[in-house]
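I am opening a notebook on a structure that is new to me. I plan to note the parts first, then how they are put together.

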Amino acid sequence: MAGADIMTIGDGDFDKEVLKSDTPVLVDFWATWCAPCRAIAPAIEELASQYKGKVKVAKLNVDDNQDTAQTYGIRSIPTLLVFKGGKVVGTIVGAVPKGRIEAEITKSL
């Protein structure tokens, strides 16, 4: 369910791909059964293409990667976290318009 500019990550590579990233990372915590997750997926794909090279975009399936989801207190999905320098600098919970997601991304640049 990830587009060409979106990487799929898990518990095993979260540290390397997100926490140690030189660029900001938008992480989409989702699950296959989550309708709101599917609803915002096209907007996330568009933003991944639009900000390619400036921001990494990753999807983490909470059903398959419960350790990371638990570490960040993910209680409802979709939850989008923006990481910069290994720290959470932005949080969005729920299906929101593309502009709201983009605003969170641009704050991290």
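**Elements.** The model is a predicted one, which I keep in mind throughout. Reading from the N terminus, I get the order β-α-β-α-β-α-β-β-α.

**Sheet.** Next I asked in what order the strands of the sheet lie. I found an open sheet of 5 strands, ordered S1-S3-S2-S4-S5, and its pairing is mixed. At the edges I have strand S1 (6–9) and strand S5 (87–93), each of which pairs on one side only. From one strand to the next I note a twist that averages 25°.

I then looked at how S1 is held to its partner. S1 and strand S3 (residues 56–61) run parallel and are joined by 4 bridges. In this pair I see Ile-6 standing opposite Val-57 in S3.

I looked up which strands helix H4 lies across. H4 (residues 98–107) lies across strand S2 (25–30), strand S4 (79–84) and S5. Against S5 I read an angle of about 170°.

**Cores.** I went on to the largest nonpolar core, which has 18 residues. Phe-14, Val-27, Phe-29 and Ile-77 touch the most other members. Helix H1 (14–19), S2, S3 and S4 each supply at least two residues of this core. S2 gives the most, with 4 residues.

I took Phe-14 for a closer look and set aside its neighbours within four places in sequence. Its contacts are then Ile-9, Leu-19, Val-27, Phe-29, Leu-60, Thr-68, Tyr-72 and Phe-83. I also found a second, separate core of 15 residues, and Ile-40, Leu-47, Val-57 and Ile-105 are among them.

**Overall shape.** Last, I asked why the protein may be called a compact globule. For 109 residues a compact globule would have a radius of gyration near 13 Å, and the protein has 12 Å, so the two agree. Along the principal axes I read a C-alpha trace of about 30 × 30 × 25 Å. Of the 109 residues, 47% count as buried. Among contacts between residues at least 6 apart in sequence, 72% join residues at least 24 apart. I put the accessible surface at about 5,500 Å², with 51% of it belonging to carbon and sulfur atoms.

Note on methods:
Residues numbered from 1 in each chain as written. Predicted model: local features only at pLDDT ≥ 70, side-chain atom pairs only at ≥ 80, totals over all residues. Heavy atoms only, no water. Pairing = 2+ DSSP bridges. Axes fitted to C-alpha atoms, helices over the stretch in contact; angles between N-to-C directions. Contact = heavy atoms within 4.5 Å. Core = buried A, V, L, I, M, F, W, Y, C linked by side-chain atoms within 4.5 Å. Buried < 20%, exposed > 50% of the residue type's maximum accessible area, 1.4 Å probe, protein only. Rg over C-alpha atoms; globule rule 2.2 N^0.38 Å. Areas by Shrake-Rupley, 256 points an atom, 1.4 Å probe, with all protein chains shown as cover.
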